[in-house]
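Work through the following exercises with the sequence and the model at hand. Each task is followed by a solution in steps.

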Amino acid sequence: MYGCEAWTISKQIQNKLEATEMWFLRRMFRIPWTAKKTNERVLNEANKRRSLVRTIRKRQATFLGHVMRRGKLEHLVTTGKFEGKRSRGRQREKIMDGLATSLGPGKVSDILAAVKDRDLWRDLIANAYKQGT
């Protein structure tokens, strides 16, 4: 998870991360892959919840708050406000778009406004990830 603050997590990558998390859990509890146990059953037996993607999203949100309050070059890159031509093809997924969906209903502009107030931002992150979104 080193450097996960800068990852862009698509749905495909999220599914792979969740599969890896389940693989780790099955290895720790020595459950062979030939055993006909569902992921939900393994999670219930381990008394755990899936938390890898949630931890990554929380780290990304705290790092975003740090970068946006600092207001340097990283701020410009993260918000996409730099000059130049866009390359052809489908637009790449941005970190801001992933965080906007994981923090709950809201637009990117609402998130950028909330970042400026540190206490509000911490409460927003804590409430979003406490509920398990």
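Predicted model: local features only at pLDDT ≥ 70, side-chain atom pairs only at ≥ 80, totals over all residues.

**Exercise 1.** Determine which side chain of opposite charge is nearest to R26, and how far away it is.

Solution. Start with the position: R26 belongs to helix α1 (residues 11-28). R26 is buried. The nearest side chain of opposite charge is that of E40, at 7.7 Å. A salt bridge needs a nitrogen-to-oxygen distance within 4 Å, so R26 has none. Leaving out residues up to four places away in sequence, R26 touches I31, P32, K37, T38, N39 and V42.

**Exercise 2.** Classify the geometry of the pair formed by the rings of W23 and F24.

Solution. The structure contains 1 aromatic pair. The ring centres of W23 and F24 are 5.5 Å apart, and the planes meet at 50°. Stacked pairs lie under 30 degrees and edge-to-face pairs over 60, so this pair is tilted. W23 is partly exposed at 48% relative accessible area, and F24 is partly exposed at 45%.

**Exercise 3.** Identify which elements give two or more residues to the largest nonpolar core.

Solution. The largest nonpolar core has 15 residues. Among those with the most contacts inside it are A61, L64, W121 and Y129. The elements that contribute two or more residues are α3, α5 (95-102), α6 (108-115) and α7 (118-130).

Notes:
Residues numbered from 1 in each chain as written. Heavy atoms only, no water. Helix = DSSP H or I, 4+ residues; strand = E, 2+ residues; numbered from the N terminus. Buried < 20%, exposed > 50% of the residue type's maximum accessible area, 1.4 Å probe, protein only. Lys, Arg positive; Asp, Glu negative; His and termini not counted. Contact = heavy atoms within 4.5 Å. Core = buried A, V, L, I, M, F, W, Y, C linked by side-chain atoms within 4.5 Å. Phe/Tyr/Trp six-rings, centres within 6.5 Å; stacked < 30°, edge-to-face > 60°.
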